[in-house]
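My notes follow the order in which I looked things up.

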Amino acid sequence: MKNWRKNLAWYFLSALALGAVVVWSAVFHLGRSTLTVSFFDVGQGDAIFIEAPNGNQMLIDGGPDKKVLRELADVMSFWDRSIDMIVLTHPHQDHVAGLVDVLRRFDVDYAVESGARHTIAEYDAFERAVADEKAEHIFARRGMRIWLSGDVYLDVLEPKEFLGDGNPNETMVVVRLVYGKTSALLTGDLTEKGEARLLGSGVVLDSDILKVPHHGSKYSSTNAFLRAVTPEAAIVSAGAKNRYGHPTREALGRLAASAAEIFRTDTDGTVIFESDGERWYQRK
Ligand SMILES: [Zn+2]
């Protein structure tokens, strides 16, 4: 997989110019044998919805408020009242708050989290909602493999261990999603230190798609990290005109130099990719 383009005509032209044979019918007849990953536009925050070919569903983070419910309504059947698994990467407001609304609205079987605690009302509400839902609590640790379906799994890369309650960003759930030959690295608000820990750990980082760490903060997406991941697509989840200045010029510059195609929820809206196990396609 080398390229996906927003403009099919442009792709055709470039493919013809390269003498390549491109079978586009594959794009339009993916049917139900695909894995779908939706990077929701929830403003300043993260919310990533994953649906396996067999229909099993997972939501990683819920964004800062109820917006996630509207996004879910766009990609789920209206009679579907359950999401098999939710993952909270870390207990900051822009990741946890929307999950509380999701837990109130949907049946959830499993709730995965990092174990980092944070004294904010939204996180307390999340813990109460998980208990009310009687969802099974799982603390993610490096080395765990979570099977979303018989053919789709997520390897937990971080946290290796609980690093104390100082900064929840240092105990971050980072997963690498794999379906056939395709992969996506989902990093939450991973810090520069976290990136260095991963680089030193020897885990496989190489992935087709990268959810850009920490909304494109200037400290994350270090050159060494990007060299290890070698993403072909990088998705920034950030709110338009957010007060943090995310994504930063610095991170965007490093991403551009990495040759990844950059997608941004603040300018592109919700970004959806599908994989047939061989390659990823962007859904229009
Ligand atoms: Zn965040």
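The strands concerned are S4 (residues 82-88) and S5 (residues 107-113), which run parallel and are joined by six bridges. I noted that two strands pair if DSSP finds at least two bridges between them. Helices (H or I, at least four residues) and strands (E, at least two) are DSSP runs, numbered from the N terminus.

Before going on I wrote down the source. This is a predicted model, where local features need pLDDT of at least 70 and side-chain atom pairs count only at pLDDT 80 or more, while totals for chains, interfaces and linings use all residues. Residues are numbered from 1 along each chain as its sequence is written, and side-chain values use heavy atoms, with hydrogens and water left out.

Next I looked up the sheet. It is open, has eight strands in the order S6-S5-S4-S3-S2-S1-S14-S15, and its pairing is mixed. The edge strands, S6 (136-139) and S15 (280-283), each pair on one side only. Neighbouring strands are turned by 20° against each other on average, direction ignored.

H3 packs on this sheet, touching S1 (35-39), S2 (48-51), S3 (57-60), S4 and S14 (271-275), and its direction makes about 25° with that of S2. H4 also packs on the sheet; it touches S3, S4 and S5, and its direction makes about 160° with that of S4. Contact means heavy atoms within 4.5 Å. Axes are lines fitted to C-alpha atoms, for helices over the stretch in contact, and angles run from 0 to 180 degrees between N-to-C directions.

How do the axes of H3 and H4 cross? The axes of H3 (residues 67-75) and H4 (residues 93-105) come within 8 Å and cross at roughly 55°. The two helices are therefore oblique to each other (under 35 degrees is roughly parallel, over 145 roughly antiparallel, 65 to 115 roughly perpendicular, the rest oblique). H3 contributes Val 68, Leu 69 and Leu 72 to the contact, and H4 contributes Gly 98, Asp 101, Val 102 and Arg 105.

Last, I turned to S12 (residues 233-236) and S13, which pair in the parallel sense over four bridges. Ala 234 stands opposite Ile 262 in S13.
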